[in-house]
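Please read the following alongside the sequence and the coordinates.

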Amino acid sequence: MKLSVEHLKLSFGEQLILNDLSFAIKEKEFVTILGPSGCGKSTILNILAGLLNDYSGTIQVDGQEIHGVSEHFAYMPQDDLLLEWRTILDNVTLYGKIHHDQSAKQNALAEFKTFGLEGYENAYPSALSGGMRQRAAFLRTSLCQADILLLDEPFGALDVITRNDMQDWLLNLRKQYNRTTLLVTHDIDEALYLSDRIFVLSNKPSVIIKEIDLSKEQKSREWLFSQSKIKQEIFNVLKGENNA
């Protein structure tokens, strides 16, 4: 397995957030953690990214146990966090500059067309739409030398049409780059559309209450529109947890 998380447990004060949480992700797999708001989804990414360390359990990448900040993970939060006083090119090459990567600029420029940002290399973030800002943030994340992408509701702040467009864009981009990815969302449609597998989380304390394998499905908007049965099944699972 590319990523293995075993018996993860974390509390904030007397509040138990994660309770003996275990899961594994294969190389180049796209997995989504789906659950109600506030259940601890983002907390899992924060632990993997090394932003939270007061937990018990083990995290392994390629069979090697890791602790704290690791170069194995590239983290993209919901907010794009673009620096308004820097150009888009400067923003997306920030990681490379920090690590003195002389090829960062050339590597970034080669990807601007793929990420729908061609012609905006020297523009500032204020000139970009919400969707373009998210593509810039995604490009910055993808340029990090990391094995695993951590995406924390990256389209959550966008309007419905732009969000759908970004999901289509990411689905197509997946076919080209095929990197191991862990997405957090509370959007059932987004999880179904983008994922090879879905882990459905309970309310706090969070445990995985359902796993859905979609790896053999040929995804399209038409396919998504036809998935009323599985949407209802997930909704019922989450509703049952909320009423528990």
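The paragraphs below walk through a predicted model.

The largest nonpolar core has 46 residues, and Val92, Phe138 and Leu192 are the ones that touch the most other members.

Leaving aside residues up to four places away in sequence, Phe138 touches Met76, Phe115, Leu149, Leu151, Trp169, Leu170 and Leu173.

Leucine 149 belongs to strand β7, residues 148-152. Its relative accessibility is 4%, under the 20% limit, and therefore leucine 149 counts as buried. With residues up to four places away in sequence again excluded, leucine 149 has contacts to Ala74, Phe138, Thr141, Ser142, Arg179, Thr180, Thr181 and Leu182. Leucine 183 is 34 residues from leucine 149 in sequence, while their C-alpha atoms are 8.1 Å apart.

Helix α5 spans residues 130-142 and helix α6 spans residues 160-177; their axes come within 10 Å and cross at roughly 30 degrees. Because angles under 35 degrees count as roughly parallel, α5 is roughly parallel to α6. The crossing of the two helices, α5 and α6, is right-handed. On the α5 side the contact is made by Gly131, Gln134, Arg135 and Phe138, and on the α6 side by Thr162, Met166, Trp169, Leu170 and Leu173. By type, the residues of this contact are five nonpolar, three polar and one charged. In an α-helix, residues three or four places apart point the same way, because there are 3.6 residues a turn.

Seven of its eight residues are buried, so α1 is largely enclosed by the rest of the structure. The buried ones are Lys41, Thr43, Ile44, Leu45, Asn46, Ile47 and Leu48. Just after α1 comes glycine 50, with a positive phi of about 85 degrees.

Most residues other than glycine have a negative phi. Lysine 28 is not a glycine, yet has a positive phi of about 65 degrees. Lysine 28 sits in the loop between β2 (15-25) and β3 (30-34). Aspartate 62 also has a positive phi, near 55 degrees, and is found in the loop between β4 (56-61) and β5 (64-65). Lysine 28 is partly exposed, with a relative accessible area of 43%; aspartate 62, at 43% relative accessibility, likewise counts as partly exposed.

Key: Residues are numbered from 1 along each chain as its sequence is written. This is a predicted model: local features need pLDDT of at least 70, side-chain atom pairs count only at pLDDT 80 or more; totals for chains, interfaces and linings use all residues. Side-chain values use heavy atoms; hydrogens and water are left out. A nonpolar core is a set of buried Ala, Val, Leu, Ile, Met, Phe, Trp, Tyr and Cys residues joined through side-chain atoms within 4.5 Å. Buried means under 20% relative accessible area, exposed over 50%, partly exposed in between (1.4 Å probe, protein chains only). Contact means heavy atoms within 4.5 Å. Axes are lines fitted to C-alpha atoms, for helices over the stretch in contact, and angles run from 0 to 180 degrees between N-to-C directions. Helices (H or I, at least four residues) and strands (E, at least two) are DSSP runs, numbered from the N terminus. Angles under 35 degrees count as roughly parallel, over 145 as roughly antiparallel, 65 to 115 as roughly perpendicular and the rest as oblique. A crossing is left-handed if the near helix is turned anticlockwise from the far one by less than a right angle, and right-handed if clockwise. Ala, Val, Leu, Ile, Met, Phe, Trp, Tyr, Cys and Pro count as nonpolar, Asp, Glu, Lys and Arg as charged, and the others, Gly among them, as polar.
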